[in-house]
Amino acid sequence: TVISGGNTTHIECNVASVWAQVQKIPGFTEADLDDSPVCMMLNTNYYAGTCYTSIDGVGSKSVAMCPALRNHQYGVDIPMIVAHEYGGHGFGRLADEHPYTFVPYDDYFYEKGKERGYFRNVSDTGDVNNVPWSHFIFNPQYSDEVDVFEGAMGHSRFYFRSEYNSCMTNEDIPYYSAISRQAIVERIMDYAGEVFDINEFYAKDVH
């Protein structure tokens, strides 16, 4: 595993080797990788984290690389990194909500991800009627928190998120936004062979 230098938190690894190792599990096949994101814990206290996702081919495989942070100076520990990289990116198929620069994001990756059902928590439009979380904006149960905030996908312009803060914005916040929770619950219910119902979600959701 290589952690890039400078101030970046990006991590690189031989993902093909990771997927090959996982397939040594008895009964586990390459096809299973599409619905089984891998969480790889790294024995380092270096503040970093990356989830590599392959969405160009037929499948949708991912590897979340999570340092085993303990009592880190930034106040970020193992559960927070795992929640962001594995729970958010790997399992939930969510996008980063960090607003950093004014440079537009790679449109190809964004559009390809959207085609595959990824990135439900961000949008390239600020229209309250057309963002994926519009049903939360107009629901009194959520309207105090959910709106349209400019800045997501690592850029302060051009992309929008649903709430000012969440664990996809800052890893030290142990909270998924409403649309992120919905996306994760839908994934869980799909695995269980059950049908998602938004009214049942409203009734059981805790925020």
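Arg 181 lies in helix 5 (residues 178-191), where helices (H or I, at least four residues) and strands (E, at least two) are DSSP runs numbered from the N terminus. The model is a predicted one, in which local features need pLDDT of at least 70 and side-chain atom pairs count only at pLDDT 80 or more, whereas totals for chains, interfaces and linings use all residues. Residues are numbered from 1 along each chain as its sequence is written, and side-chain values use heavy atoms, with hydrogens and water left out.

With a relative accessible area of 12%, Arg 181 is buried; this term denotes under 20% relative accessible area, exposed denotes over 50%, and partly exposed lies in between (1.4 Å probe, protein chains only). The side chains of Arg 181 and Asp 205 are joined by a polar contact of 2.8 Å. Such a contact is a pair of N or O atoms within 3.5 Å; within protein, one must be able to donate a hydrogen and the other to accept it, and residues adjacent in sequence count only if both atoms are side-chain atoms. When neighbours within four places in sequence are left aside, the residues in contact with Arg 181 (heavy atoms within 4.5 Å) are Tyr 142, Tyr 175, Tyr 176, Phe 201, Asp 205, Val 206 and His 207.

Phe 201 is itself buried, because its relative accessibility is 6%. Phe 196 counts as partly exposed, at 23% relative accessibility. Aromatic pairs number 12 in the structure. The rings of Phe 196 and Phe 201 form a tilted pair, because their centres are 5.9 Å apart and their planes stand at 50 degrees. Rings of Phe, Tyr and Trp (its six-membered ring) pair if their centres lie within 6.5 Å; planes under 30 degrees apart count as stacked, over 60 as edge-to-face and the rest as tilted. Elsewhere, a cluster linked by ring pairs comprises Phe 109, Tyr 110, Tyr 118, Phe 119 and Tyr 159.

Charged groups also lie over rings, a term requiring NZ of Lys or CZ of Arg within 6 Å of the ring centre and within 35 degrees of the ring normal. The charged end of Lys 61 sits over the ring of Trp 19, 4.4 Å from its centre. Arg 157 is placed over the face of Phe 158, with 5.8 Å to the ring centre.

Strand 3 runs parallel to strand 5 (residues 61-67), to which five bridges join it. Met 40 stands opposite Met 65 in strand 5.

Another open sheet of three strands has the order 6-8-7 and antiparallel pairing. Strand 6 (122-123) and strand 7 stand at the edges with a single partner strand each, so one side of each lacks a neighbour in the sheet. Two bridges pair strand 6 with strand 8, and Ser 123 stands opposite Phe 160 in strand 8. Strand 7 (residues 149-152) and strand 8 (residues 155-161) pair over three bridges, with Arg 161 as the bridge partner of Phe 149. These two strands form a hairpin with two residues between them, and Met 153 in the turn has a positive phi of about 55 degrees.

Methods. Pairing = 2+ DSSP bridges.
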